[in-house]
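Subject: the model you asked for

Hi,

Have a look at it first and then read on.

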Amino acid sequence: MDTIPIRSIREIPPEENMLSGTPACAGCGGLLTLRHCLKALGEKIVIVNAASCFTLLSIYPFTPFKNSWLYTAMACAPAGAQGVRDALDILIKKGKLDPEEDLKVVVLTGDGSAYDMGLSSTSGAIYRNLDFYYICYDNEAYGNTGFQQSGATPFASRTATSPPGGARPTGAQLQKKDLFEIWNSHRPPYLATISPAYPVDLVNKFRKAEQYKGPKLFISHSSCPPGWGFDPSHSVSLAKLAVETGIWPLKESVHGKVEHTFVPKKFKPVEDYLKEQERFAHLFKPVRQEDILKSIQETVNEYWRKHKLLS
Amino acid sequence: MLRLRFHGRGGQGAKVASRVLGTAAFLDGYNVQDFPLYGAEKRGAPITAFTRISRENIMERGVISDPDIVIVIDETLLSDPKAMPLSGLKKGGVVFVNTPQSPLESKERYSITDHVITLDLTKIGLDMIGKPVLSSLAAAVASRIAGIGEDALRDALEKELSGIISDRGILEKNTEAALYCYDAVVPVQMKTTESIREGENVINIPFETARVSSPAINATGNTPLRRTGNWRVFRPVWDYDLCTRCMTCVARCPEGCIQVNEDGYPYADYENCKGCLICARECPAKAINDVREMHSQSEEGEL
Amino acid sequence: MGKEMLTGNGAAAWGVRMAEVDYIPAYPITPQTEIIETIAKWISDGAMDASFVTMDSEHSMVTAAGAASATGVRTFTATSSQGLLYGFEMIYTVAGWRVPLVMVNVSRGLSSPITLGPDHNDILAIRDSGFLQIHCETCQEVFDSILMAYKLAEDERVLLPVIVNMDGFYLSFTREPVEIPDVETVRSFLPEYQPEHAFFKPAQPMAQGVAVLGGEFYSYFKYQMHLASKNALEVYKEVCGDFEQKFGRKYRTIEEYMLEDAEYVLVMTNSFSTLGKAAVKRARENGLKAGLLRLRVLRPFPDPDIKNALKGKRAVAVIDQNISIGKGGIIYSEMAGCLYNEINRPLLLSFIGGLGGKNISPEEFELIFDKMIKAEDTGIVEAPHLLYTENEWKEMAGLKEIAGKG
């Protein structure tokens, strides 16, 4: 893998390592993330996949990948990665696999697995300093089952299990878990947030991660047209708005030290992002839920103030 | 027994249509089954839904392979090699197509020999509801063809839609548009003959080693064979006079469907482009237009 | 190497060492820990060349084991009871991957109430998963079965994982002499694993464990597992033949003890079969033509061998060291299914005994023989019967009183 940073989208590797024709929804932000990740990672990888929308990328007899893949189950993709990595190391040690032909082991999960069910398995893999990549495409709910609330669901989002109603007009009542900080507390060598709307930042983070042996973890804020409720064509613009409003900070952590890789010169109001999505429509009509909107804005402001990037 | 099969795309309302019809027939005193079938795909991919209506107990389960009535909510499915909405239609059956074309035009275009009814549900939806909402309209058409009473349909719409649509005004518009469609369809005297099943051999399957029989795929990158281009409602079309070859569209395509030609101009693989139109929206030069797909996949190939 | 005093757990560890296993993902649970502790120590001392990793749960452990096997290395892992159930999802999953993983389960009763003593509800819970199952009576058998398990699992006609079962405490912690052969002889019996169907190589990418949608396709994959499991009956016979030739010990899918001329037969599994054999001996001394059939291979179920062995017997009593709540003994049902279409089928009686490691006393065995004779006289077979003594009942009463339930 090339390690020199790129400066523009024109320098993104042209090879497509995942081909078209997948069952993913039109405009899937997670798929766009994955496409760029695979460009950055190259062909010599094995993906270990957890139960998620992306389980369905490979449905017998079809696979979009030029690389290998192993589907495990919802809770245990990092454990699968452990088995594959260790086995590859054994084969290299025994002279049965040329080190030049080694594979990078890449875990691929949605937020349901990453934030909830697979957390123990992930913690174990980071703790064991497993040499692997982890890509979580976070669409902020259990998307594959019809968009139910997960640990990644943001406050006030409508999901199929947090429907705003007369008695509970808020939608999801809990705050999104801070998976970045949960992972970061393990002090992995490399950890970053990424966005499908910022492919240059994404590719460069993978290039930077390449130098580290051990866990290299990525969380992508992945726009979801059917779950979030927007026209598929807005997928990139919405992912971009999440960054521009400060809701999704682009950052990285090297051995626990956090740096932001992109700070908007002037933050857009979070409303600009929320009002574009059906999952937040109840905050605007039939009556505007001012206190909730304020609290969401305040949470974002607080984050950036804490990092001394907003006065 | 009447067997109806609805064909639409994920998100178009085929499932809700089959349920509204099911409830209407139930309220009209029939024995009824309704059942949706969808694959792994979420949006855009072909889905089917089924309604069985009978005076007798229904001793069937699962998919309907020999429908009396086929309701085609998305016209592009008619020449989809996988959806095959007309497959198994009984002799003397009825096909409804959501299209601005006349029945005669549709019969010719799709070589349908059975009775065809057409109505432009999409336009009616846009005009009367303000959105291309098709489920209640398709249900109304199906109810009329199946001979279900208007009152039962009205009650079924209320029962099925009030849980999905919270806005009373929109619900009423839906009902109004549905009843308009109900009246617009001329009922036909349908007489279908029960199809004769071709005999099938029941076999013993032989052992095959795990090299063959494990659920592993040794082929690579073969999803393009699935041709997801048939999901598309709008097609992105480049205006090379405006295109600056900036590569934005290439970088923004989730499917990796956009490549560049020798001169550096982008073009799409229409065989698999799902028509999300991120490219059109993100193009800084506004060089990509969205063109409504009116024709089927097979004809696209000739363009 | 000759004979050593080894526990069942120690014998299992030796089996793994002699099979030259490459990879052992592990997670501790009583009474299995000695297996993984022993292996960890050997690796640390340099006596065994393998990779060992302590995982974060049995679910992760079975996943890592299956994934390593799917990558192409010889892999072992072990668990027990709650741990097996915690990894249950992956037991089915890994079997479906068609990888030749070998596991040991050290049987222990299932919660709730949580307990430590052995019974077989844990191992029998996974009987439909696709794992082949070998159940052991002695420590020697544990060692031998691990070697045989790899040979069976890695055979192209099979390619299914195998689980070797031993009773917690009564085998896992019990020492007895075990013969350990030299490594060269083991190598001649069990050559290095050369995967041809499941691996990850950049030159030949493979998507493993993919989703299969549509019942007609799903049926194919599931039924192929069944056919492979059925093949294992034949392959197992070859493996046993080869094993006997190399090591001199003879195994079959079932063990027949004083069975040939027997009229009244006990059916048992695992370590308590020894108690059953003693009971048979006593009954013979009292003039009753008793015998015992021990099921060693539970999956694939050796129907032909059982039918053949029980032909013409007067009565057969299945002692299930497990309980299917609301039904009775699990193996009883399987035996009934096996014998139902036989013309001269014996009367089949059901007993539940040894739950949570409860002893089975000589009097309880006598009761079983009495009931078999009575059933033969009357033609009436009673409902499943829990083996339980009056003294045990009194002890239980004492406990209840202390618990304030008196």
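In which helix of chain C does Trp14(C) lie? Trp14(C) is in helix α1 (residues 8–18) of chain C. Helices here are DSSP runs of H or I with at least four residues, strands are runs of E with at least two, and both are numbered from the N terminus.

Before going further, some housekeeping. This is a predicted model, where local features need pLDDT of at least 70 and side-chain atom pairs count only at pLDDT 80 or more, while totals for chains, interfaces and linings use all residues. Residues are numbered from 1 along each chain as its sequence is written, and chains are lettered from A and ligands numbered from 1 in the order in which they are written.

Back to Trp14(C). It is buried, with 25 other C-beta atoms within 10 Å. (Buried is 20 or more other C-beta atoms within 10 Å of the residue's own, exposed is 12 or fewer, and partly exposed is in between, with C-beta atoms placed from the backbone.) Setting aside neighbours within four places in sequence, Trp14(C) is in contact with Leu6(C), Phe143(C) and Ile180(C). Contact means that the C-beta atoms of two residues, placed from the backbone, lie within 7 Å. Asp49(C) is 35 residues from Trp14(C) in sequence and 13 Å away in space, C-alpha to C-alpha.

**The two sheets of chain C**

One open sheet has 6 strands in the order β10-β12-β11-β14-β15-β16 (chain C), with mixed pairing. Two strands pair if DSSP finds at least two bridges between them. The edges are β10 (254–257) and β16 (385–386) of chain C; each has a single partner strand, so one side of each has no neighbour in the sheet. Helix α10 (residues 273–285) of chain C packs on this sheet, touching β10, β11, β12 (290–295) and β14 of chain C, and its direction makes about 165 degrees with that of β12(C). Such angles run from 0 to 180 degrees between N-to-C directions, and the axes are lines fitted to C-alpha atoms, for helices over the stretch in contact. Within the sheet, β11 (residues 264–268) and β14 (residues 315–320) of chain C run parallel, joined by 4 bridges. Val267(C) has Val318(C) as its bridge partner in β14(C).

The other open sheet has 5 strands, in the order β4-β5-β7-β6-β13 (chain C), also with mixed pairing. Here β4 (76–79) and β13 (297–299) of chain C are at the edges with a single partner strand each, so one side of each is left without a neighbour in the sheet. From one strand to the next, the twist averages 20 degrees. Strands β6 (residues 132–135) and β7 (residues 162–167) of chain C pair in the parallel sense over 4 bridges, and the partner of Leu132(C) in β7(C) is Val162(C).

**Helix α13 of chain C**

Helix α13 (residues 362–378) of chain C lies across β11, β12, β14 and β15 (347–352) of chain C, at about 150 degrees to β15(C). After α13(C) comes Gly379(C), with a positive phi near 75 degrees.

**Where chains A and C meet**

The contact takes 36 residues from chain C and 37 residues from chain A. On the chain C side, α3(C) gives the largest share, 10 residues.

**Chains A and B**

Chain A has 10 helices and 8 strands, and 57% of its 311 residues are buried. Chain B has 10 helices and 10 strands, with 47% of its 303 residues counted as buried.

Cheers
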